Amino acid sequence: MTTNTAGRLAGKIAVITGGTSGIGLATAQLFLKEGAKVIVTGQNEERLQQAATTLGSNAIPIRADVLDLANLDHLAEQIKATVGSFDTLFVNSGVARNAPFREVTVSAFDEEITINLKGVFFTVQKLEPLMKEGGSIVLNTTTLAQTAMVGESVYSATKAAVRSLTRSMSVEFLDRKIRVNAVAPGPIDTPIWSKMGLTQEAAQAVLQRTPIGRFGKPEEIAGVVLFLASDDSSFMLGEEILVDGGWATL
Ligand SMILES: NC(=O)c1ccc[n+]([C@@H]2O[C@H](COP(=O)([O-])OP(=O)(O)OC[C@H]3O[C@@H](n4cnc5c(N)ncnc54)[C@H](OP(=O)(O)O)[C@@H]3O)[C@@H](O)[C@H]2O)c1
């Protein structure tokens, strides 16, 4: 590891869950550029190793599949053993399944809730004690928590719950001056859409519904996460910033 003394996160250590792909990977790259050391997590070993190669020696990859919550205890132990404590946590891991409301099975419901809600809750519960006083937590929600899209009922509900957690955690962590805020992306061009099996027609419909007329780039979310993670947002607590090309507002 090398020490970068310049940048808005100089000397800071950040943990980014789901840092192997899309928004999490772009955020890890930006945080490194801004002087932080980063720990990235993911569940897929191959993508984790690829991310480690891309990110270089100031990044530490740790495998932690949130589907098994016991992995979060292991993650906390690994973080403690490698860096001791840290400053910033971006809770970003998530999946988006696509199924009409009438066809959602109990097992699909349970899996999405476990990764997107229970996983977020217990990631913060296990890792917050390792954070330094005055640190910053950023949660990743979605514009769909404020609107709706066919086939995304479970996903949107999990993220609306995470938006609520942003407030609850904020009020409980006041004692350690740890700020909690959320970023709510609109449609961003990441692998999540192909994992959902989005057809060309569905992609076109998403585009037509987005006032700005294009998908966002992961870097356009990373910049906002950097703002929320850094002291630039020092007077913000329990807030959610929409970064959605006008989807929910216009
Ligand atoms: N892209 C969008 O349009 C959009 C819009 C609004 C909100 N978001 C949110 O942004 C976040 C990142 O998504 P993305 O678009 O960047 O998608 P992505 O490229 O698919 O990245 C998802 C990340 O989450 C990790 N992950 C998935 N399941 C996991 C599990 N069981 N345990 C641990 N890690 C797991 C993945 O790790 P592996 O690579 O190991 O699977 C990957 O690093 C998600 O929370 C998503 O809901 C995305």
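Predicted model: local features only at pLDDT ≥ 70, side-chain atom pairs only at ≥ 80, totals over all residues.

Me: How do the axes of helix H4 and helix H5 cross?

Reply: One considers the approach of the axes, then their angle. Helix H4 (residues 106-127) and helix H5 (residues 153-172) have axes that come within 9 Å and cross at roughly 15 degrees. Angles under 35 degrees count as roughly parallel, and H4 and H5 are therefore roughly parallel to each other. Their crossing is right-handed.

Me: Which residues in H4 meet residues in H5?

Reply: On the H4 side they are Phe109, Glu112, Ile113, Asn116, Leu117, Val120, Phe121 and Val124. Their partners in H5 are Val154, Tyr155, Thr158, Lys159, Ala161, Val162, Leu165 and Met169. By class, this contact has 12 nonpolar, 2 polar and 2 charged residues.

Me: Is Lys177 buried or exposed, and what is its phi?

Reply: Lys177 lies in the loop between H5 and strand E6 (179-185). A residue with 12 or fewer C-beta neighbours within 10 Å is exposed; Lys177 has 12 inside 10 Å and so counts as exposed. As for phi, most residues other than glycine have a negative value. Lys177 is not a glycine, yet its phi is positive, about 55 degrees.

Me: How many residues of H1 are buried, and what follows H1?

Reply: In H1, 11 of the 12 residues are buried, so that the helix is mostly covered. Among them are Ile23, Leu25, Leu30 and Phe31. Gly35 follows H1 and has a positive phi, near 100 degrees.

Definitions and conventions. Residues numbered from 1 in each chain as written. Axes fitted to C-alpha atoms, helices over the stretch in contact; angles between N-to-C directions. Helix = DSSP H or I, 4+ residues; strand = E, 2+ residues; numbered from the N terminus. Parallel < 35°, antiparallel > 145°, perpendicular 65-115°, else oblique. Left-handed = near helix turned anticlockwise from the far one by under 90°. Contact = placed C-beta atoms within 7 Å. Nonpolar A, V, L, I, M, F, W, Y, C, P; charged D, E, K, R; others polar. Buried ≥ 20, exposed ≤ 12 C-beta atoms within 10 Å, placed from the backbone.
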